[in-house]
Amino acid sequence: MPHTFHPLDPLTADEIDTVTRLLADAHGVGAGWRYAGIALREPSKADISAFDADGTPCERLADVLVFERATNRTYKARVSVSAGSVVSFEHVPDVQTNVTVDEWEEADAALRRNPEVIAALAGRGITDLDLVFMDTWTYAGVLVPPEYAGRRIGWTDTWVRAAAGANPYAGPVNGLHFVIDLNTMELLRIEDTFTVQRPEIMGEYVPRMVPESIRAASTRPPLQPLDITQAGGPSFTLDGNKLTWQNWSLRVGFNPREGMTLHTVSYNDNGRQRSIAHRLSFAEMVVPYRDHCDDHFRRTAFDIGEWGLGFMTTSLTLGCDCLGEIRYLDAVIHDSAGRPKTIENAICIHEEDNAVLWKHVDHHDGAQVRRMRRLTVSFHVTVANYEYLTYWRFYTDGNIECEVRATGIMVVSHLNPGESNPHGTIVDNRTYAPLHQHFLTARMDLDIDGTANTVYRSDTEIEPVGPDNPYGLSLRQVNTPLRTEAEGKQNPDYATQRSWKVVNDNVRTPIGAHPAYKLSPSGAFPPMFADDSPILGRCEVIKHTLWVTPNADDERWPAGEFVNQGGPGMGLPEWTKANRNIENTDVVLWYTFGIHHVTRPEDWPIMPVDVVSFWLKPFGFFDRTPALDVAPTPAKCCR
């Protein structure tokens with residue numbers, strides 16, 4: 001059947017062109033301006049329900065962030081694509097939008113041709129500018145030099161390749177940094193604080209750049225081909241952005257800040273379409289480097305708020321990034337001039353075998369075995385030296401898994417002979433990689449059989465030894481409702497194996513349970529900051545593994561909308577001061593998980609993926625396992 005345009009479908013290239021044309025006509029947004037973000041303003045749940053029920057049209061709105069370079073003024077606009085008009089255009093004082101990819105590339109080019117930069121590099125013995133790479137980072141508000149207050153600035157690392165095509169991140173120029181105005185591309189300051197005698201290291205990973213002596217020493221035999229085929233095609237159906245598979249139904253979205261988003265996730269339970277989640281996405285990523293030296297003290301990246309995962313999404317390749325019977329979705333973003341750009345094969349959709357789903361061998365009747373199959377929806381992003389590979393997986397037993405794999409190249413620094421640094425690990429000759437952390441915050445608007453839900457803290461407690469429990473065997477489960485935002489600030493507890501359940505107390509299943517989905521807190525770790533740390537003040541979202549808030553359309557960014565050069569207390573800490581009710585209402589869960597990266601030599605020069613995940617599991621949502629009706633593997637395939 002032909003694809004029907006849905007209100008949740010991302011903006012098209014034509015719609016982005018319409019947005020830029022309307023803003024140019026109405027407000028002169030054009031030369032001298034940059035577009036930091038153009039994204040669909042998603043309709044309300046009520047409007048989406050009306051469209052799904054009877055086709056009631058939803059207005060196509062775009063939310064836009066732009067800034068004028070000459071005046072360093074930021075504006076938020078709302079544009080009605082449907083009506084062909086600008087709904088609002090407002091100046092937002094004293095903020096900086098995310099940095100654009102164009103600015104990052106232009107800063108590198110501007111610095112490499114700046115005479116003062118060239119002279120500073122020459123002072124370090126670096127004269128071949130073709131080998132030099134300037135990597136611009138953003139500033140925390142608390143670290144902006146006072147003389148540059150009110151300017152849009154960045155600071156740079158400097159890297160030098162050992163040869164053309166070599167790994168730039170293996171050649172840090174330690175102690176040399178440049179501060180640059182990103183509006184004018186003016187060099188503001190050269191920081192030349194210390195020098196390091198460059199050691200001989202092996203930091204190459206591209207085969208042709210790896211020394212022959214290392215390649216010749218390999219004892220690894222070749223792998224035989226592993227082909228995954230589905231002669232009848234995949235079992236899922238993709239109609240535009242709507243995806244259905246094995247009772248699951250969902251819509252796939254995309255925007256410049258979050259990258260891939262998932263919407264209206266539901267399950268067909270014996271003919272009844274039951275809602276589970278309205279929207280699933282990543283809302284922030286915080287990567288603090290835990291080394292206070294000159295090279296690293298400013299290095300706390302907010303990869304979503306300061307840059308945008310959508311802008312950094314890369315095209316996927318069959319056989320390398322994805323294996324099997326693949327279907328792809330393209331994504332449309334834009335450059336800083338507001339021109340649409342298409343990322344081909346941005347999202348990969350495929351099925352995977354995942355070993356045994358359930359099995360039992362009966363003494364008399366033999367074995368019953370079912371294979372586990374899962375549907376995987378994924379996208380990959382490259383954030384300078386790191387890659388993040390995100391997979392949302394849907395299972396035949398009703399489980400949802402979110403997995404993230406981190407790979408890429410670690411930031412390293414060199415040491416002079418006899419030096420050491422306790423804040424990192426030696427990974428090569430006189431070369432260390434600083435300790436750092438990757439915090440990812442998933443924003444989950446769950447609607448378990450409707451929008452009125454309550455989150456319960458679920459703890460396992462030991463039953464005291466006594467007359468009713470003489471052997472100390474008994475355990476009990478204690479479920480505590482979280483009624484306010486203050487109570488909704490939660491952390492794991494290993495001693496009680498704490499989890500959280502999102503429950504619909506207004507519904508009972510045939511066996512008398514209230515339907516729920518359980519969040520299992522894997523991949524969680526503490527922030528490890530002093531309470532008075534100004535860096536922690538800027539990213540208070542990581543202070544708690546879970547926050548629960550009432551759903552609000554404009555509460556999207558847990559560390560604040562304008563993170564770049566931002567200050568403390570933005571986002572979740574600001575919203576939750578009101579201590580609003582979160583009981584029996586439309587709730588949003590903000591779950592922070594990730595990687596506490598104690599760097600290793602085995603992560604160098606290219607880091608094998610580090611895998612973290614969390615699960616959403618049905619708990620009383622079904623009367624029995626929904627995987628009971630999974631068909632057995634055909635006998636001809638069992639040998």
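Me: How many residues of domain 2 are in contact with domain 1?
Reply: This is a predicted model: local features need pLDDT of at least 70, side-chain atom pairs count only at pLDDT 80 or more, and totals for chains, interfaces and linings use all residues. Residues are numbered from 1 along each chain as its sequence is written, and side-chain values use heavy atoms, with hydrogens and water left out. Domain 1 spans 13–90 and domain 2 spans 101–216, with bounds from an automatic or database domain assignment. Contact means heavy atoms within 4.5 Å, and four residues of domain 1 meet this with a domain 2 count of nine.

Me: Which residue forms a salt bridge with E106?
Reply: Side chains of opposite charge can pair when their charged atoms come close. A salt bridge needs a side-chain nitrogen of Lys or Arg within 4 Å of a carboxyl oxygen of Asp or Glu. One is counted between domain 1 and domain 2. The closest N and O atoms are 2.6 Å apart in the pair of E106 with R34.

Me: How many places apart in sequence are the parts tied together by R60 and E15?
Reply: The two side chains meet in a salt bridge, 2.8 Å from N to O. R60 lies in the loop between helix 2 (45–54) and strand 2 (61–68), and E15 in helix 1 (residues 13–27), so the parts tied together are separated by 45 residues. Helices (H or I, at least four residues) and strands (E, at least two) are DSSP runs, numbered from the N terminus. The separation is thus 45 residues.

Me: Is R279 buried or exposed?
Reply: R279 meets E258 in a salt bridge (2.8 Å, N to O). Buried means under 20% relative accessible area, exposed over 50%, partly exposed in between (1.4 Å probe, protein chains only). E258 stands at 1%. Because R279 has 3% relative accessibility, the class is buried.

Me: With which side chain does R41 make a polar contact?
Reply: R41 sits in strand 1 (residues 33–41) and is buried at 18% relative accessible area. A polar contact is a pair of N or O atoms within 3.5 Å; within protein, one must be able to donate a hydrogen and the other to accept it, and residues adjacent in sequence count only if both atoms are side-chain atoms. At 3.1 Å, the partner is D554.

Me: How many salt bridges does the structure hold?
Reply: R498 and D459 form one of them, at 2.8 Å between the closest N and O atoms. E352, R374, R393, E401, E403 and R405 are linked in a network of such pairs. For the structure, the count is 45.
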